Amino acid sequence: MESEKQRLKTPTSTFDKMFTGFLSWVEKRIAKHSVHGNPPVYDPAEFPWVGKIDKQWHLVRAELDSLLERREELPNFHDISPDVSSITNDNNWKTFFLLGYGVNCEENQKVCPETTRLIKTIPGIKTAMFSILSPGKHIPHHTGPYNGVLRYHLGLVVPEPKEQCRIRVDDQYIVWEEGKGIVFDDCFDHEVWNDTDGVRVVLFVDFVRPVKFPFNLLNWLVLSSAAFTPYIREANENQKKWEKQFHGKEKASVS
C-alpha cells in the first residue's frame, strides 16, 4: 500500500502538477483548522443533521426500492465519472445521482422527492447519490481528490452477513447498518467490500467540511472552482445525457 496519496487520476501536465501542489498546500491548512479535527472517521453526533436524516431513513428506502426494480438500467459509476475507472470498470457499481457537485439532477430528483427534501437540509451539500454495489464487489484502496469535503453514508440496504459488507477508512473497519449514518474523510486511504450474496446500497453524500475562518473562504474558493474542471464538467454532461435517456423511456412506457 503506497505511503503517498493515490489520487483517482494522476496529474500529467505541468498545470495539473502545479494545481496538485497547490491543493496539497491548501489541504494541510484545511486539516489543521478543521472545526471537528482531522480524524479518518467522525462521531456522527458532531453533525446534528445526521441524526435527523437517519430517523427518516425509511422514506429514502421506499424511494430506493422503486429504483431497484430497474437496477440493471442504472449507470455504472465510471459511465458518469470516467475518472473513477482506475478503481472500477465493471458493471457492479451502479449509481443514481441526485446532485453532482452543486448541479441538481432534476429528473432524478422528481422521482425521489423525499430523499431530495432531506439532502437539501445538509449544510454545504455538494454531491448526493445512491451507491449500489453488486454481490462480491470489491473497490480497491484509494483516496479522494480533496479533503475540503467530508462524506456521509446512510445505510439503506445491508445484506447478511453484514460483517462481510464493510468499509475500511485508514485503519478503522466499519460495518454499515440500515438506518444508521457514518461520516468519514475520503482523503484517507479507504477500501470497500461486499462479500455477500446480496446488493448493498447507501445514500452517498459529500458536503463541505466545516473549517475555521479565514480558511473556510479558501476552501470555498477551491470547491467553487472545481465545478469548472474538465472532470466535473464531463461527469455533469454524462449525467444529463443518461437522465434524458432513462426518463425518456419511463415517459414512453406510461404514454
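Within strand E10, Glu191 is the bridge partner of Arg168. The model is a predicted one, in which local features require pLDDT of at least 70 and side-chain atom pairs count only at pLDDT 80 or more, while totals for chains, interfaces and linings use all residues. Residues are numbered from 1 along each chain as its sequence is written, and side-chain values use heavy atoms, with hydrogens and water left out.

Strand E7 covers residues 165-169, and four of its five residues are buried, so the strand is largely enclosed by the rest of the structure. Here buried denotes under 20% relative accessible area, exposed over 50%, and partly exposed the range in between (1.4 Å probe, protein chains only); strands (E, at least two residues) and helices (H or I, at least four) are DSSP runs numbered from the N terminus. Two strands are taken to pair if DSSP finds at least two bridges between them. E7 pairs in the antiparallel sense with E10 (residues 190-194) over five bridges, and likewise in the antiparallel sense with E8 (residues 172-175) over four bridges, where Arg166 stands opposite Val175. E7 and E8 form a hairpin with two residues between them; Asp170, in the loop between these strands, has a positive phi of about 60° although it is not a glycine. Asp170 counts as partly exposed, at 36% relative accessibility.

Cis peptide bonds are found at two prolines described here: one joins Glu160 and Pro161, with omega about -5°, and another joins Phe213 and Pro214, with omega about 5°. Pro161 is located in the loop between E6 (149-157) and E7, whereas Pro214 is placed in the loop between E11 (200-208) and helix H7 (215-226). Most residues other than glycine have a negative phi, and most peptide bonds are trans.

The structure holds 15 salt bridges, each defined as a side-chain nitrogen of Lys or Arg within 4 Å of a carboxyl oxygen of Asp or Glu. One of them is formed by Arg168 of E7 and Asp189, whose closest N and O atoms are 2.6 Å apart; this pair links distant parts of the chain, 21 residues apart, with Asp189 in the loop between E9 and E10. Arg168 and Asp189 are both buried. Arg151 forms a salt bridge with Asp186, at 3.2 Å between the closest N and O atoms, and this pair too links distant parts of the chain, with Arg151 in E6 and Asp186 in the loop between E9 (181-184) and E10. Arg151 is buried at 10% relative accessible area, as is Asp186 at 4%. In helix H6 (residues 113-119), Glu114 and Arg117 are three residues apart and therefore separated by about one helical turn; their side chains meet in a salt bridge of 2.8 Å, N to O.

In soluble globular proteins, nonpolar side chains tend to be buried together. Trp25, in helix H1 (residues 14-32), is by contrast partly exposed, with a relative accessible area of 42%.
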